[in-house]
There are 2 protein chains.
Amino acid sequence: MATIPRATQFAARTSRLRASTIREMLKVTQRPDVISFGGGLPAPELFPTMEIADITRRIMSEYGAAALQYSVTEGIPEMRSWVARRLGRRFGVHFEPESVLITNGSQQGLDLIGKIFLDPGDHVVLENPSYLGAIQAFDSYQARYLTVDTDDDGMIPSSLEQVLAHAEPLPKFVYLVPNFANPTGRTLAAERREPIVRICEHYGVPLIEDDPYGELRFEGRDSGPLIGYRTEGVVLYMGTGSKIVAPGLRVAWIVVRNQEVMERLVLSKQAVDLQTGSLAQYVFAGFVENDAMLEQHVQVIRRVYKQRRSYMLECLRELMPSYVRFNRPEGGMFLWATVERPGFDTEALLRVAAAQKVVFVPGVSFYPHRDVHSGMRLNFSNTKEEVMRRGMERLADAVRAQSPGG
Amino acid sequence: MATIPRATQFAARTSRLRASTIREMLKVTQRPDVISFGGGLPAPELFPTMEIADITRRIMSEYGAAALQYSVTEGIPEMRSWVARRLGRRFGVHFEPESVLITNGSQQGLDLIGKIFLDPGDHVVLENPSYLGAIQAFDSYQARYLTVDTDDDGMIPSSLEQVLAHAEPLPKFVYLVPNFANPTGRTLAAERREPIVRICEHYGVPLIEDDPYGELRFEGRDSGPLIGYRTEGVVLYMGTGSKIVAPGLRVAWIVVRNQEVMERLVLSKQAVDLQTGSLAQYVFAGFVENDAMLEQHVQVIRRVYKQRRSYMLECLRELMPSYVRFNRPEGGMFLWATVERPGFDTEALLRVAAAQKVVFVPGVSFYPHRDVHSGMRLNFSNTKEEVMRRGMERLADAVRAQSPGG
């Protein structure tokens with residue numbers, strides 16, 4: 001029987017798949033001589049390795065096989081209660097464990113949200129720039145993007161109002177990162193929070209509040225989460241254990257009070273992977289259940305990241321030409337720099353920089369319409385001070401080399 | 001600002017989401033007085049709990065933070081090499097680690113395959129009955145199903161040929177479980193394997209070989225995998241650690257030699273969850289790297305499951321009325337029984353049985369067109385012998401109560 005030649009037929013949605021600049025960079029930066037401000041990696045030297053070994057032994061003794069067996073799609077009860085309790089304590093807002101779904105990292109949360117809301121061609125409202133992982137997740141559902149203006153205080157409510165007032169049809173949801181955003185490090189100002197909730201409520205558009213970095217505030221005061229406001233609208237809050245414990249466990253969560261939304265998320269998760277790893281959930285719950293231990297651990301992370309952020313600012317001030325601007329985030333893992341020279345392209349800069357063994361993520365990746373080329377995301381959480389200066393020297397040289405007359 | 005009332009707008013694909021009978025049953029069967037032949041659970045008393053505690057400690061000492069950090073989407077090198085090596089040793093077929101993608105359980109493999117191949121309305125070829133988790137995964141991509149006749153030796157090649165010859169358009173892929181299938185326990189006969197590969201090759205239709213149970217053969221001889229034949233066609237092989245180590249780790253794999261298919265799978269996985277848990281992969285790799293230890297462990301599982309299967313057969317012969325037929329699988333976790341009475345409906349039987357505190361999965365769930373009502377899937381791996389007899393007594397009573405004149 002002869003073969004009928006036929007190219008493999010892929011689904012339409014795969015045409016929009018593109019490799020993540022960041023994930024590809026992870027491969028490059030595994031070369032030890034490259035200094036990376038590129039990844040979004042937490043500082044591994046702060047991971048509680050031996051505590052996790054101890055907890056695993058305890059879990060195996062106490063729960064035994066149950067911690068290795070299949071478990072329910074929603075997440076183990078210990079995790080769901082802890083998430084509800086933690087949010088409650090931080091913000092004084094009551095949540096039921098039934099409002100919590102445990103996901104395989106926040107990226108899965110983004111995928112599930114895309115899955116339940118998005119048909120091909122649907123609109124999504126994003127900050128500009130916005131988190132790349134979210135754009136990738138929504139791309140795979142063939143979303144189109146409406147962008148809202150942002151400034152140093154995050155999304156501008158009047159711009160959101162404008163976008164929704166003129167959107168036809170209405171977008172399926174609004175997505176934002178309220179605290180120490182990726183990529184910009186910006187935080188949504190307290191006085192903008194309720195207006196954004198009310199605008200989404202008014203138009204009946206769900207609001208996705210993705211908060212991976214909120215626990216990492218090292219200066220200033222927390223604003224309450226958007227999900228904390230009483231509203232007739234639908235708010236989905238996303239949190240993660242990746243930044244306060246470790247990303248390799250893949251334990252994150254979605255919190256939503258709307259039961260129909262929760263049911264569709266759970267059914268979707270059943271279809272995509274049945275459940276988040278049982279052992280990972282038990283180990284995570286075992287680490288965080290001790291409030292004092294967790295608090296102490298997160299305090300160490302905040303202190304180290306603060307030092308690194310401050311040192312990076314010092315290096316930037318000292319080493320960069322004056323036309324490089326940068327902000328001063330009060331928490332998180334990233335700061336945002338722009339090269340204020342006409343036509344400057346940080347993708348071209350990356351090629352020069354990589355040859356000099358320093359990397360970062362060019363800002364263009366974070367703009368849904370890929371139309372702004374002057375920005376760069378600089379990660380400060382994963383570089384020790386002695387290495388940071390050397391990296392900044394290389395980067396400053398690369399910027400000057402790329403700036404005519406620089 | 002008044003709220004414009006507006007129901008939450010979900011994506012079209014969510015209209016086909018349905019709760020898995022099996023997952024819902026998991027909740028019922030957590031009541032300790034219910035005897036369950038329903039779940040697809042491995043025997044938890046065989047899980048290597050203390051070995052996993054020891055391995056975790058060793059991983060934390062040897063790899064330290066790397067085992068808790070983000071890692072590459074494809075899977076850690078230790079896992080990819082082990083999968084290639086294990087398949088190579090079992091079947092004498094060479095695989096490169098680059099042909100292996102580590103997934104968050106096999107369910108994620110099914111989801112990714114749906115994601116890269118299926119547009120709404122596309123056709124998929126299934127055995128009849130077929131694995132429910134696969135139907136659910138493909139449902140969420142709005143697939144339609146073509147069914148191929150099967151008998152005790154699995155999919156019938158001439159029926160597959162017929163289906164493909166008349167399919168317009170051609171289906172996107174053929175999906176089957178070659179060894180100790182879920183739900184029937186049937187194994188695809190050795191002499192049918194190459195013909196199925198050649199038919200798919202001829203029509204240029206990818207072949208998905210889902211093999212979660214192949215390692216659990218306790219009688220007879222292994223046939224080689226479908227991916228073992230040299231072919232110009234595309235074959236995707238799926239394996240899992242859930243049945244040989246533990247499902248709660250969520251470590252499974254897809255093996256495919258076609259580079260374009262692998263790239264799309266990897267990009268899709270990047271968008272859905274970035275990566276499978278780093279710690280889970282390191283722990284799994286730490287357990288299986290010692291061939292002798294793994295072999296010994298799997299031998300114990302095979303021995304226990306064989307005893308349980310044989311004892312279930314004994315109970316069925318002794319307790320069931322003669323119009324209940326059942327098969328005798330040579331491995332795996334399930335056997336398949338049918339009630340040969342006109343119009344008998346095992347969904348109705350389940351309601352009666354559940355009231356008597358014994359449950360199973362009604363066969364209809366596994367027929368893509370939900371048109372055959374006489375079958376039931378009986379799991380033997382997760383019930384000890386003393387409990388099994390009691391469960392079978394209850395089930396036989398329920399069958400008689402549901403059979404007029406029974």
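1. Let's start with one residue. B:Pro42 touches B:Ser242, B:Lys243, B:Pro247, B:Ser381 and B:Asn382, leaving aside residues up to four places away in sequence. Touching, or being in contact, requires that the C-beta atoms of two residues, placed from the backbone, lie within 7 Å. You'll find B:Pro42 in the loop between strand S1 (35-36) and helix H2 (49-62) of chain B. B:Pro42 counts as buried because 25 other C-beta atoms sit within 10 Å; the cut-off for buried is 20 or more such atoms within 10 Å, exposed is 12 or fewer, and partly exposed is in between, with C-beta atoms placed from the backbone. B:Met60 is 18 residues away from B:Pro42 in sequence, and their C-alpha atoms are 28 Å apart in space.

2. A quick word on what you're looking at. This is a predicted model, where local features need pLDDT of at least 70 and side-chain atom pairs count only at pLDDT 80 or more, while totals for chains, interfaces and linings use all residues. Residues are numbered from 1 along each chain as its sequence is written, and chains are lettered from A and ligands numbered from 1 in the order in which they are written.

3. For the model, ipTM is 0.95 and pTM is 0.95.

4. Now chain A as a whole. It has 12 helices and 15 strands, which are DSSP runs numbered from the N terminus (helices: H or I, at least four residues; strands: E, at least two). The C-alpha trace spans about 70 × 65 × 55 Å along its principal axes. Its radius of gyration is 22 Å, in agreement with the value near 22 Å for a compact globule with 406 residues; this radius is taken over C-alpha atoms, and the globule rule is 2.2 Å times the number of residues to the power 0.38. Of the 406 residues in chain A, 54% are buried.

5. Chain A splits into domain 1 (12-48 + 294-402) and domain 2 (70-291), with bounds from an automatic or database domain assignment. Their centres, over C-alpha atoms, are 24 Å apart. Domain 1 of chain A puts 34 residues into the contact and domain 2 of chain A puts in 38. On the domain 1 side, helix H10 (291-319) of chain A is among the elements that give two or more residues, and H10(A) gives the most, with seven.

6. Next, helix H6 (residues 157-166) of chain B. Which of its residues are buried? They are B:Pro157, B:Leu160 and B:Leu164. Seen down the axis of H6(B), the buried residues fall within an arc of 60° and so line one face of the helix; the arc is that of the directions from the helix axis to the C-beta atoms. B:Ser158, B:Ala165 and B:His166 are exposed on the other side of H6(B).

7. Finally, the pair. In the interface, 77 residues of chain B are in contact with 79 residues of chain A. H8(B) gives the most to the chain B side, with nine residues.
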